[in-house]
Amino acid sequence: MDQTIALTLGVLSSAAVLALTAVGLSLSFGLMRIINLAHGEFLTVGAYSSVVTADHGLSWGVGLAAAAAVGLGMGALTELLLIRRLYRSPELSILATFGLSIVVRQLIQLAYGKDYRTVANPLPGATQVLGVPFPTYQLLLTGFAVAIVVAVLAVLRFTSLGLRVRAVADDAALSETLGVPSTRVNLVVFATSAALAATAGALVAPLTNVQPDMGLDYVFTAFLVVIVAGRRVAPVLVAALGLAAVQNLTTFWTDPLLARLAILVLAFLAVQVRPSAGFRVAT
Amino acid sequence: MNPFVRQLLPIPLAAAAAVLAGPYAGGLLAQFLVLGTVTAALALTWGTAGILNLGHSVTFGAGAYAGAWFSLFAEAHGGAYGSLAGLGAGALLGGVMAWLIAAVGLRRRLDAVGFALVTFVVALAAEQVAGRWTGVTGGFNGLTDIPRFHIGALSFTPTAARGVTAGLAVLVIVLLASLARRPYGVALAAVRDNERRMAALGYDVGAAKTGVFTFTGVVAGLMGAVYVMQVQFVSPGLIGLVMGTNFVVWAMLGSRRTVWGPVVATLVVSAGANLLADAALDYWLLVTGAAFVAAVVLVPDGVAVVVRHRMPARWFPARRVVLGRAAPVADGQAREGLVVRSVGCRFGPFTALRGVDLDLTEPGVHCLIGPNGAGKSTLLDVLSGFTPATDGSWRLNGQDVTGRPPWELTRSGLGRKFQAPSIAGSLTLAENLALARWGRTHGARALVRQRWTANLPPEAWFVLDAAGFADRMDTLAGSLSHGEQQLLELAMTLTAGCDVLLLDEPTAGMTRSETEQVAEVLRGLVHDHGLPVLVVEHDMAFIRSVADRVTVLRGGEVMATGTVAEIESNSEVSAVYVGRAAGGRP
């Protein structure tokens, strides 16, 4: 029984991290049709932001805010300098973000070296959940992730900004004729997406080794979540939960490598089965 | 000198240098040549066929591991043919993996961006498998001391082994360059430009893409095995995303639309990375990444294309395509035409077509009219296989062809012209027409063997002569005016040949005289070739001049069928168009 509870908690907290890393990706892909291969590097930058603030003796909360701000700025800059010029070709935008990811990785490596860094856990210790001890920080992280994803969904569904964002996603040209500045809306969406990635990076930093290529580990599963969820943001939570369950349970019974392959296979099965998956050619 | 030979000349020279230079420099050069070959293979799938593959390293690395494993296994068990087994296994494994990736992605109609993402994820997964499956791959440390290339007891000196490596690389590069120039490569480029048109010409587009992806997988796998026999070491780095990134960067910088550009870019960038080694390597990678981003934004066609535009044009003469006149097709065979019975099509809750019956069994022009949204284009899309029907059936020449894919329908004798002009814009008129000629008859192998000559049927020449295309065959089809593109597409449809012709607004965007030419072509097709033709049209003057029968579609259902006179006097029909209530009451 205790083991079941521990496993469930593990799945929930992995799903939360997954959803957190995937929600920004899903914003830029679902709403702007931009596959951002530099998303993992935005996450890395967020993690390094929290490392740097910690080096200066600032608190963990400041690090989180700094990460979000750096992400927002980087995202806005990327949109202005690269993405904006490449809307006409999804292929070129993939390539540009692909190149950007190389540049960011190299810059981090030049600035901070190849060795890994760590961030002190702000909430060490464990909390009793249904009689099972569970790391307090992971509980906080789970709550944070759910709150962020729900907030993003709420903004999209219930605010006038969300309405404009959805209108541009549906038909940018038509929205322009209705007075919605589509380029500005896209700038906001992309910058938000980058800020979410950086926030996720700062949030996972205390649990992992912070190193220049850490983003790749997270982005692998995040992309799988987006592949399963398709072009909509809401299914991200469900997809994250499903993939996290398969990954954690396979790891528990066999080994981490098979778990990675299992979620890969699961994602491909989902693409095969779902007739309305977001990637299909619309003919 | 033959321009093809001149373009590729630097590559055998580099190979010769690889053999002659000392073991260190020569070895590196041979190694880079092999990587250049693999990049050139990526250029064929990506640049020519338009399939972006971010995980090209997966097949290369799989081939490398297979080559290493078989060489080591044979050595440990006293086998003499480990190298050959390794090369074979590398090619096979590369091909199988590429086929699997293509089967998951391309066959299921993922779009180009979705497929690129799949290849990205596969590359990430492959590196982890290679790093952790220690029993076979040696884990993160990889496999070392792989025997050099050898055959039986015949052992090669390091210089001779370098010769084998460089020679194989040159051979493969020449093969790839030659494939890209042949009708096979040009047909792939046309698929990249306009997939629907190629399907409607009779090309099995899905098989073509899967085929080229698998073929380049075989090449990458083979060269992976060659690579490990040269460097005698394999590690997860060869299979992962960083390597995949390298191939894409090299192909992009060199220019993915050529074969020699990516090879040169690979040699230059790899040599730079090697010369700068340790301290400056990080800066070099940074500069390469920044150059890549700049290339994407500023010169998306790549440096080679820019360089090529600065060289004398006579170095790159246009391809000479010989278009002949075929004898008229012998008529008199009994054709049964197209019989459509109660075809329906729904998109979710929306019913686009319901219970449509149509007979195109007699020679004649049958016009399909109706208000916007009546389902005219949807009906043509359903009948030619681009949109699945949810109900009903249709027979072509007495054969049930319900639900067949577009290319099969074309090969069974259905011709289709789209509403928006649909041609391969980056190819010349002559190339478009030649490809149209081969669609119904040629598979991949026939396209590789085919020479650049094609005989077009008289009805295609009639359109081409009327449009004045005969002396403009070497211009790019994309530079034609809208009306001219319509005429070219009509000529292509006629070149492919058909027993029943479906035309979607063939005169849209045409001048009065072009419209009259089309009307004359249609009358000729009916009179001389006995073709049943279905035409979607709005222009009543055109309809009066060509139509033998008219069918009115409204809200997805057939409202009336009859001669022009009958339809024009039908009060229900005029009510739909003019807006009066049925029965003539105000």
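## Basis of the description

Two strands are taken as paired if DSSP finds at least two bridges between them. Helices (H or I, at least four residues) and strands (E, at least two) are DSSP runs, numbered from the N terminus. The model is predicted: local features need pLDDT of at least 70, side-chain atom pairs count only at pLDDT 80 or more, and totals for chains, interfaces and linings use all residues. Residues are numbered from 1 along each chain as its sequence is written, while chains are lettered from A and ligands numbered from 1 in the order in which they are written.

## A sheet in chain B

In chain B, four strands make up an open sheet with antiparallel pairing, in the order β7-β6-β9-β10. β7 (350–360) and β10 (399–400) of chain B are at the edges with a single partner strand each, so one side of each has no neighbour in the sheet. Strand β9 (residues 391–396) of chain B is joined to β10(B) by two bridges, and the two run antiparallel. In this pairing, B:R395 lies opposite B:D400 of β10(B).

Helix α15 (residues 376–383) of chain B packs on the sheet and touches β6 (338–347), β7 and β9 of chain B. Contact here means that the C-beta atoms of two residues, placed from the backbone, lie within 7 Å. The direction of α15 makes about 70° with that of β7(B). Such angles run from 0 to 180 degrees between N-to-C directions, and axes are lines fitted to C-alpha atoms, for helices over the stretch in contact.

## Chain B as a whole

Chain B holds 24 helices and 16 strands. Its C-alpha trace spans about 95 × 50 × 45 Å along the principal axes. Of its 586 residues, 53% count as buried; a residue is buried if 20 or more other C-beta atoms lie within 10 Å of its own, exposed if 12 or fewer, and partly exposed in between, with C-beta atoms placed from the backbone. Among contacts in chain B with a separation of 6 or more, 76% are between residues 24 or more positions apart.

## Helix packing in chain A

Helix α1 (residues 2–32) and helix α10 (residues 235–253) of chain A pack at an angle of about 135°, their axes 7 Å apart. That makes α1(A) oblique to α10(A); angles under 35 degrees count as roughly parallel, over 145 as roughly antiparallel, 65 to 115 as roughly perpendicular and the rest as oblique. Residues in this contact include A:L7, A:G10 and A:V11 of α1(A) and A:V236, A:L237 and A:A240 of α10(A). By class, the contact has 15 nonpolar, five polar and no charged residues. Ala, Val, Leu, Ile, Met, Phe, Trp, Tyr, Cys and Pro count as nonpolar, Asp, Glu, Lys and Arg as charged, and the others, Gly among them, as polar.

Helices α2 (residues 39–55) and α9 (residues 214–229) of chain A pack at about 130°, with axes 8 Å apart. α2(A) and α9(A) are therefore oblique to each other.

## Contact between the chains

In all, 35 residues of chain A are in contact with 34 residues of chain B. α4 (90–112), α9 and α11 (256–273) of chain A each supply at least two residues of the side that touches chain B. α4(A) gives the most, with 15 residues. By class, this side of chain A has 26 nonpolar, five polar and four charged residues.
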